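I am opening a notebook on this structure and want to set down, entry by entry, what I looked up in it.

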Amino acid sequence: MAVFGVLAAALGVVGLVAPDALLTVMGFEPVPEGGRADGDHTLVFLTASSMAALNMGVYYVLAALADWKPFFRWTVPFRLLTCAVFTLAVVTGRAPAGFVGVGLWEGLGAVVTGVALRYEKRAVAHA
């Protein structure tokens, strides 16, 4: 959880400081300076999602430091939902193929978290 939190926070900072770098990492081609059409709010949405990622990363780190198991459990279904939505966005052509990595990252994180929670619960039950 802490590792995911640090990575989410770091990517949030990247999106706030260097939005084109974050777009490139996610498989989008940045638009050259001055090349955006009037009404293109891409950078507004990128700023909002980057701020959300920064906040979420901090929440994950704090939850990990507090060993807050209910929070860990809550993340599993929602990260699986995020995986499905992001992957569907690629499959339907709404997002570029490189964006599937974001969905897979969420799905893998959910599975690893779920397995770890189950392993830990069984270890406690057998102790």
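**Entry 1: Phe71.** I began with Phe71, which is found in helix H4; helices (H or I, at least four residues) and strands (E, at least two) are DSSP runs, numbered from the N terminus. At 16% relative accessibility Phe71 counts as buried, where buried means under 20% relative accessible area, exposed over 50% and partly exposed in between, with a 1.4 Å probe and protein chains only. Leaving aside neighbours within four places in sequence, I listed Met1, Tyr59, Tyr60 and Ala63 as the residues in contact with Phe71, a contact being heavy atoms within 4.5 Å. I also looked up Met1 by its C-alpha atom, which is separated from that of Phe71 by 9.9 Å, although the two residues are 70 apart along the chain.

**Entry 2: what kind of model this is.** I note that this is a predicted model, in which local features need pLDDT of at least 70 and side-chain atom pairs count only at pLDDT 80 or more, while totals for chains, interfaces and linings use all residues. Residues are numbered from 1 along each chain as its sequence is written, and side-chain values use heavy atoms, with hydrogens and water left out.

**Entry 3: the whole chain.** I found five helices and zero strands in the chain, and read along the sequence this gives the pattern α-α-α-α-α. The C-alpha atoms fill a box of roughly 65 × 30 × 20 Å, taken along the principal axes. Of the 127 residues, 27% count as buried. Among the contacts in the chain with a separation of 6 or more, 67% come from residues 24 or more positions apart. The chain exposes about 8,300 Å², and carbon and sulfur atoms supply 72% of that; accessible areas come from the Shrake-Rupley method with a 1.4 Å probe, and for residues only the protein chains shown count as cover.

**Entry 4: aromatic rings.** How many aromatic pairs does the structure hold? I noted seven, where rings of Phe, Tyr and Trp (its six-membered ring) pair if their centres lie within 6.5 Å, and planes under 30 degrees apart count as stacked, over 60 as edge-to-face and the rest as tilted. One of these pairs, Phe86 with Phe99, is tilted, at 4.9 Å centre to centre and 45° between the planes. Phe86 lies in helix H4 (residues 69-91) and Phe99 in the loop between H4 and helix H5 (100-125), so the pair ties together parts that are 13 residues apart in sequence. I looked up the accessibility of both partners: Phe86 counts as partly exposed at 25%, whereas Phe99 is buried, with a relative accessible area of 11%.

**Entry 5: Arg79.** Which ring does Arg79 lie over? I found Arg79 over the face of Phe4, at 3.7 Å from the ring centre; a charge sits over a ring if NZ of Lys or CZ of Arg is within 6 Å of the ring centre and within 35 degrees of the ring normal. Arg79 is found in helix H4 and is buried, with a relative accessible area of 4%. Leaving aside neighbours within four places in sequence, the residues in contact with Arg79 include Phe4, Tyr60 and Trp105, and also Glu106, Gly107 and Thr113.

**Entry 6: Ala9 and its surroundings.** I then turned to Ala9 in helix H1 (residues 2-17), which is buried, with a relative accessible area of 15%. Not counting residues up to four places away in sequence, Ala9 touches Ala53, Leu54, Gly57 and Val58. Ala52, found in helix H3, is partly exposed at 43%, and Ala52 and Ala9 are 8.8 Å apart in space, C-alpha to C-alpha, while 43 residues apart in sequence. For Gly27, 18 residues from Ala9 in sequence, I noted a C-alpha to C-alpha distance of 19 Å.

**Entry 7: Asp67.** My last entry concerns backbone angles: most residues other than glycine have a negative phi. Asp67 has a positive phi of about 50° although it is not a glycine. I placed Asp67 in the loop between helix H3 (42-66) and H4, and at 45% relative accessibility Asp67 counts as partly exposed.
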